[in-house]
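Here is a friendly briefing for anyone meeting this structure for the first time. Please keep the sequence and the 3D view at hand as you read.

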Amino acid sequence: MTTHDTLPAAPALSRRTSPYRMVRRREKTIGWLFATPALVMYATFVLLPLLLSIQYSFFRWNGIGPMTWVGLKNYATIFQVPNLLGSIVNAFELVVFFSFIPVALGLVVASVVHRVAPGRLGAAARTILFLPQVIPLVAAGIIWGWLLALPGLINQILRGIGLGAVTRAWLGDFGWALPGVGVIGIWVVLGFCTVLLLTGITKVDPGLYESARIDGAGWFTEFVRITVPLLRQEIGVCLTVTVIAALAAFDIVYVTTAGGPGNATAVPGIQIYILAFTEQRIGLASALAVMLMVLVLVVILPIQRLSREIP
Amino acid sequence: MKVGRSELVTGRVLLVGLMVLTILPFLSIFTTALYPSGTVPSGIGWPAHPQWGNFVQAFKVANMTALLASSTFIVIAVVPVSLVISTMAAFAIGLLRISGARLLLFLFVFGLTLPFGGIIVPLYYLERSMGIYNTRLAIVLPLIGLYMPFAVFWMRAHFVNMPVDISEAARLDGASTWGLFRRIHLPLARAPISSLGILMAVWTWNQFLLALVLVEDPSQRTMAGALGAFQGHYATDVPLLCAGTILILVPTLVIFVLFQRQIIAALLQGAVKG
């Protein structure tokens, strides 16, 4: 990335006084004009609200009346109210479905494609598995809301294979709603992980796979010995992107269950929305928002570090 | 090479199975959309009398013409501006290496981890005080800001790998900083700019939270935001809801099929560079 950090050193002496040198110096200042518009938009619509979130989190405020300073009380409330703390627990459960399972499954699928379907079938698999990734999450939510409904496809299949007894309105069930939402996440994210990991595999020296196969290595040996260790970086990227998306989940949950039944599927994004826009508790909503942002950073940093380390 | 026959078969069956599982949900809403409006159909199955008219009805009740116009307007307002200002900033950071470039880059990269939900509440109050709440600008302006981390990061990766000789030659020829950007480097950056543009267009089209919170009138929203409102009204009329969902999916799917290679490549490179 940083191969051109320094200018070639050869004619340095003559450049010290040359116009070239002055041009470079002027560029370093004028360049700020180039960066300013992006910085202004970013500062106004991202950094400023971020600071305001932190500020609001120390106040009690209903959005209209005066703001009352309450110190850290909003943060304490999050830890005391089971629904709010529960939303963070739910977010971590969703990480399993939105991140761990698709990454693991994606690894398997990518290695299978690489091994048995290098041609047209592989290309078709790549395109089709990727489809759910490009549609709006809201649409994915609506589609699966119907699939998981009482008369929907999932129950139809279950009845078809003689499991009529277990059919239910999956997203209305206290125990099954969260895994139900999780399944939607798997459907959406799997293609992304598969294709990303597949590009990783194609970068691995083909000789490694060839010699393993000449030695008679089966799929599993190849998978554990070559694919997983050498895709460390891609796995890290995949985990980072999907974990952020999982912790920030909103769209799918909002359209399928809106956090229900009860608070079974309420995630921080949903609770922030409800607290701020239906209960008018801006301070508390902001405290949860700040916690969510810190949480993402805390979870992401170790993943980043692990995947960058060279074994 | 030396892949056994049985393994070949198992592997391929697994892949085809997964592909069917991925497609099945789309098929299910498609057949459901053909049942008479207002009835409760079953998961999948061909109706006795397919109601193709459902699509026409959904097109009307969802006010699809207005939605398409609104979403298109938002995309056209967001994407070019974002492309221009992020490319310029990335040029300053990655190629001119302005003083403080590292710090600036860090500031932008930090934004990559930010969930939209983290800033949505203050954004709402901020936009009320700016007087842009409930207009399309309420979606357009914050989206431009929110795309900056990714866009700057993405374009910087391009500029940082540009050979120095190119800029050097232009400078020695007396090109101004703007000339260096406009004449030399902008044309060279066409490929990363176009993939970034496609990506941001799809993300904008699919943006839900900002539309939901910042714009009350569905006809001023993005496609995804409008779909949310449509679902609110027609949640009980499953065939109509499915027909509406399909209509809203069609543009995205068409774009995906047309630009498949660029979209996939862009998403992946974006992730890897992150």
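Chain B has a mean pLDDT of 88, with 97% of its residues at 70 or more; pLDDT is the predictor's confidence in each residue, from 0 to 100. This is a predicted model, in which local features need pLDDT of at least 70 and side-chain atom pairs count only at pLDDT 80 or more, while totals for chains, interfaces and linings use all residues. Residues are numbered from 1 along each chain as its sequence is written, and chains are lettered from A and ligands numbered from 1 in the order in which they are written.

**Confidence**

- For the model, ipTM is 0.90 and pTM is 0.88.

**Chain A as a whole**

- Chain A holds 14 helices and two strands; both are DSSP runs numbered from the N terminus, helices being H or I with at least four residues and strands E with at least two.
- The radius of gyration of chain A is 25 Å, well over the 19 Å that the globule rule gives for 311 residues, so chain A is more spread out than a compact globule. This radius is taken over C-alpha atoms, and the rule is 2.2 Å times the number of residues to the power 0.38.
- Along the principal axes, the C-alpha atoms of chain A fill a box of roughly 85 × 75 × 30 Å.
- Of the 311 residues of chain A, 46% count as buried. A residue is buried if 20 or more other C-beta atoms lie within 10 Å of its own, exposed if 12 or fewer, and partly exposed in between, with C-beta atoms placed from the backbone.
- Of the contacts in chain A with a separation of 6 or more, 73% come from residues 24 or more positions apart. Two residues are in contact if their C-beta atoms, placed from the backbone, lie within 7 Å.

**Chain B as a whole**

- Chain B has 12 helices and zero strands.
- Its radius of gyration is 23 Å, whereas a compact globule of 274 residues would have one near 19 Å.
- The C-alpha trace of chain B spans about 75 × 65 × 30 Å along its principal axes.
- Domain 1 of chain B covers 5-56 and domain 2 covers 63-234; their C-alpha centres lie 36 Å apart.
- Buried residues account for 48% of the 274 residues in chain B.
- Among contacts in chain B between residues at least 6 apart in sequence, 71% join residues at least 24 apart.

**Where the chains meet**

- The contact involves 89 residues from chain A and 85 residues from chain B. On the side of chain B that touches chain A, 59 residues are nonpolar, 21 polar and five charged.
- In this count, Ala, Val, Leu, Ile, Met, Phe, Trp, Tyr, Cys and Pro are nonpolar, Asp, Glu, Lys and Arg are charged, and the others, Gly among them, are polar.

**A helix with two sides**

- In helix H4 (residues 101-110) of chain B, the buried residues include B:Ala101, B:Leu104 and B:Phe108. Seen down the axis of H4(B), the buried residues fall within an arc of 65°, so they line one face of the helix; the arc is that of the directions from the helix axis to the C-beta atoms.
- An α-helix has 3.6 residues a turn, so residues three or four places apart point the same way.
- B:Arg102, B:Leu103 and B:Phe106 are exposed on the other side of H4(B).
- The cover over the buried residues of H4(B) includes helix H2 (19-56) of chain A, along with helices H3 (64-96) and H6 (137-160) of chain B.

**Backbone details to look up**

- Most residues other than glycine have a negative phi, and most peptide bonds are trans.
- A:Gly260 and A:Pro261 are joined by a cis peptide bond with omega about -5°. A:Pro261 sits in the loop between helix H12 (251-256) and helix H13 (268-277) of chain A.
- A:Gln280, in the loop between H13 and helix H14 (282-308) of chain A, has a positive phi near 55°.
- B:Asn134 has a positive phi near 65° and lies in the loop between H5 and H6 of chain B.

Key:
Domains from an automatic or database assignment.
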